[in-house]
Amino acid sequence: VGAVDGCLYVLGGFCRATVMKSVWRYDPILNAWSEVSPMSTCRAYCKTGVLNNKLYVVGGVSRGRGVLSPLQSAEVFDPRTGIWSEVPSMPFSKAQMMPTAFLADILKPVATGMTSYRGKLYVPQSLFCWPFFVDVGGEVYDPETNSWVEMPMGMGEGWPARQAGTKLSVIVDGDLYALDPSSSLDSARIKFYDHRDDTWKAVRGDVPIRDLTDSDSESPYLLAGFLGKLHVITKDANQNILVLQADFANQ
């Protein structure tokens, strides 16, 4: 899912066992869904981000010969023209440095998140062989040079990860935030990225949420930036939807 130019877009995914490339747009003014130009590649579990009023899609998986294969490719949608264009594929440079061909064949590189930050797209990455994930930093796409470079080391190595290796983040007032679920069984910490010294720093105060390592939940929490504030969407002990709002002004 991605939101750009006032509309909501739903991209790819599965229809039964088939990976799709179809794209649907919801217009809140018309209160209607319509199908728009499909992606050039069938994708499921892809990551989306908005930069310069365009919707970018990277990675995900496709299906070939009955198995799911990770994708390195990327593309961008311009809502003004309704056209998809290719973006250079992610190099996965660290993944190419595996010590043996045996490990390289077992561990597959995947994009585990994406965020638009300081005019570029930041994509954390992992190597995986289900259910194991190994962080390998990430890569950064610069639209001005139309190329990828390696993510700053501290950013990639310190990016908090949730279940199944996914790295969620949110931008609030230009700052990059993530939620670290590893503090304890009944709380977590909000962290923000300080680009000046390439470190993740904890915001004061624990987030009072239940155990986020619960294996019964595929999505134990979500993050959202709304009206200049950070929100954590999760569930309470009774499985009811719970929305928590961070007040940074008062820590």
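The questions and answers below concern a predicted model.

Biologist: How do strands β20 and β21 pair, and over how many bridges?

Modeller: Strand β20 covers residues 188-194 and strand β21 covers residues 199-207. Within this pairing, Arg189 stands opposite Asp206 in β21. The two strands run in the antiparallel sense, and the number of bridges is six.

Biologist: Which residue takes a positive phi in the hairpin of β20 and β21?

Modeller: The hairpin has four residues between the strands. The positive phi there is near 55°, and the residue that takes it is Asp198.

Biologist: Is the pair of Tyr26 and Trp33 stacked or tilted?

Modeller: A search of the whole structure finds eleven aromatic pairs. In the pair of Tyr26 and Trp33, the ring centres are 5.3 Å apart and the planes stand at 45°. Planes under 30 degrees apart would count as stacked and those over 60 as edge-to-face. The angle of 45° therefore makes the pair of Tyr26 and Trp33 tilted.

Biologist: Which parts does the pair of Tyr177 and Phe192 tie together?

Modeller: The rings of Tyr177 and Phe192 have their centres 6.3 Å apart and their planes at 50°, so this pair is tilted. The parts that the pair ties together are 15 residues apart in sequence, because Tyr177 lies in strand β19 and Phe192 in strand β20.

Biologist: What is the C-alpha separation of Val136 and Gly156?

Modeller: Val136 lies in strand β16 and counts as buried, at 13% relative accessibility. Not counting residues up to four places away in sequence, Val136 touches Lys94, Gln125, Ser126 and Leu127. Val136 and Gly156 are 20 residues apart along the chain, and their C-alpha atoms are separated by 7.4 Å.

Biologist: How far apart in space are Ile233 and Leu244?

Modeller: Ile233 belongs to strand β23 and is partly exposed, with a relative accessible area of 23%. Among the residues that Ile233 touches are Pro220, Tyr221 and Ile241. Ile233 and Leu244 are eleven residues apart in sequence, and their distance in space, C-alpha to C-alpha, is 6.5 Å.

Terms used:
Residues numbered from 1 in each chain as written. Predicted model: local features only at pLDDT ≥ 70, side-chain atom pairs only at ≥ 80, totals over all residues. Heavy atoms only, no water. Buried < 20%, exposed > 50% of the residue type's maximum accessible area, 1.4 Å probe, protein only. Contact = heavy atoms within 4.5 Å. Pairing = 2+ DSSP bridges. Phe/Tyr/Trp six-rings, centres within 6.5 Å; stacked < 30°, edge-to-face > 60°.
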